[in-house]
Amino acid sequence: MLYIQCPWCGWRDESEFGYGGEAHIERPKDPDSVSDAEWADYLFFGSNTRGEFRERWVHSAGCRRWFNAVRDTTTYEFKAFYRMGEEPPGGEQ
Amino acid sequence: MRKYSIFSLARNALSHHENWWQAWRSPEPKKRYDAVIIGGGGHGLSTAYYLAKEHGMTNIAVIEKGWLGGGNTGRNTTIIRSNYLWTASAGIYEKGLKLWEGITQEVNFNMMLSQRGVLNLGHNLQDMRTIERRVNANRLNGVDGVVLNAQQVKEMVPIINTSETNTRFPVLGSSYQPRGGIARHDALAWGMARACDSLGIDVIQQCEVTGIRRDGGQVTGVDTTKGFIETNKVGAVTAGNSGVIADMAGIRLPVQSRPLQALVSEPIKPVIDTVVMSGAVHVYISQSDKGELVIGAGVDKYNGYGHKGSISVIEEQLAALVELYPIVSRLRLLRHWAGCVDVCPDASPLVTKTPVDGLYFNCGWGTGGWKATLGSGWCFAHTMANDEPHPLNEAFSLKRFETGAVIDEHGAAGVAH
């Protein structure tokens, strides 16, 4: 079981959390003007990184707030936890 | 290919089985192939086999980074069925099931297909309505199926708890596909490798693809740990690592790689002679020929390539198992493992061309690829040979995510898939 640090509540078991997939996916600013391909890319296509991956978690059985994490998808080791709106460690990629 | 038969068995028995011939070669890669298949699992080997058999392409290599049967082909719970809700799914999975029914004779290798039937349980009224709908849809699509009530389930599976009071997961009934069952996972890897080899296909193990070369949007070859191989057609059949291969080709896929866990118990006397799945409580069970109960779960919730999952998934799964089959409560577990499966947003696969000419993907089978290995290979071979999908896999294209014609099998298949 993963051990996860909620930025508000501290370290808790994985079973308290929900998973939100890849982080920092930006919704197109003007959905009416994007093509079907661009919309599909936003909605369905993503990176499926083997290695350090920025992802979203929600503390659904706790404070119910969303946050971001950086985790290695091969070792499952968390590298960082940070709040929504905060700069990801290492800056933009 | 030298045939296996009762006579070859007797002949080799006389020499204490020390002189069996080699089942396949271990060739070094040639400089150029007409097509290269990345991934030597069930889907990849079937693709190569049908490319040679149906489309006359024999200058083909199957490149495997590990060893035959060392990937998801050797890790699944071996369940075979085709009772999917949507017409597109019924088509490709039923094609797979029909090929399963003939493959042992065709390639002279015992796949140990055991059509012992598959039950999908319903635990509440809505489950039962969904089951009725799915079985009706199956029958309209030519897939066998019946709806069973709780008493019929109990007759077929005496160890199941169908009591009506004080149960956490009451059994109201199930769907039943008599032609479903299980087949031997290693046999598929070995049998298809042998069949490919006999058709002149090079099956190259311990060779990892490190790059995909392109020239103006057309594939020109693959870089591997055994050097560059020139080819104009590349079929990627790499399951959990499809995203990694897509990165090499500079394209994006709508798949996420997740750990999928399974386990077997210690061997016991025969207690269950069919396959029982429950999508609602994420547990499925059958009994192997050795007597082990083979138990599968749903995927873990997070992305992971690590071939391990969280113990909490196993805990929930075993809790459900003990509720449904009280006699297993004191069984010990023998082995527990995880594979890495690539899941599409609609829980249906991709058997498709890509924006790169000459690059094809057969992936996204998620938790349910095993049953489809032969059908997927058959369709993918057609797609690669003709640069056009077969009607059976036309719907499983990348384009469906743009057009919105997704094939939503989450509800129908459950997570157990």
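Guide: Start with a crossing. Helix 2 of chain B and helix 9 of chain B cross in a right-handed sense. This is a predicted model. The axes of the two helices come within 7 Å, and the crossing angle is roughly 55 degrees. Helix 2 of chain B and helix 9 of chain B are therefore oblique to each other.

Now the residues in contact. Helix 2 of chain B contributes Gly42(B), His43(B), Ser46(B), Thr47(B), Tyr50(B), Leu51(B), Glu54(B) and His55(B). From helix 9 of chain B, the contact residues include Thr373(B), Leu374(B), Trp378(B), Phe380(B) and Met384(B). By class, this contact has eight nonpolar, ten polar and one charged residues.

Next, the core. The largest nonpolar core holds 47 residues. Trp100(B), Ile103(B) and Met192(B) touch the most other members. Six elements of chain B each supply at least two residues of this core: strand 1 (35-38), helix 2 (42-55), strand 2 (60-63), helix 3 (87-107), helix 6 (185-198) and helix 9 (373-386). Helix 3 of chain B gives the most, with seven residues.

Look at Ile103(B). Leaving aside neighbours within four places in sequence, Ile103(B) is in contact with Tyr49(B), Tyr50(B), Asn108(B), Met111(B), Met192(B) and Leu374(B). Two of these names belong to the helix crossing as well: Tyr50(B) on helix 2 of chain B and Leu374(B) on helix 9 of chain B.

There is also a second, separate core of 30 residues. Among its members are Ile38(B), Ile245(B), Ala249(B) and Cys363(B).

Conventions: Residues numbered from 1 in each chain as written. Chains lettered and ligands numbered in written order. Predicted model: local features only at pLDDT ≥ 70, side-chain atom pairs only at ≥ 80, totals over all residues. Heavy atoms only, no water. Core = buried A, V, L, I, M, F, W, Y, C linked by side-chain atoms within 4.5 Å. Buried < 20%, exposed > 50% of the residue type's maximum accessible area, 1.4 Å probe, protein only. Helix = DSSP H or I, 4+ residues; strand = E, 2+ residues; numbered from the N terminus. Contact = heavy atoms within 4.5 Å. Axes fitted to C-alpha atoms, helices over the stretch in contact; angles between N-to-C directions. Parallel < 35°, antiparallel > 145°, perpendicular 65-115°, else oblique. Left-handed = near helix turned anticlockwise from the far one by under 90°. Nonpolar A, V, L, I, M, F, W, Y, C, P; charged D, E, K, R; others polar.
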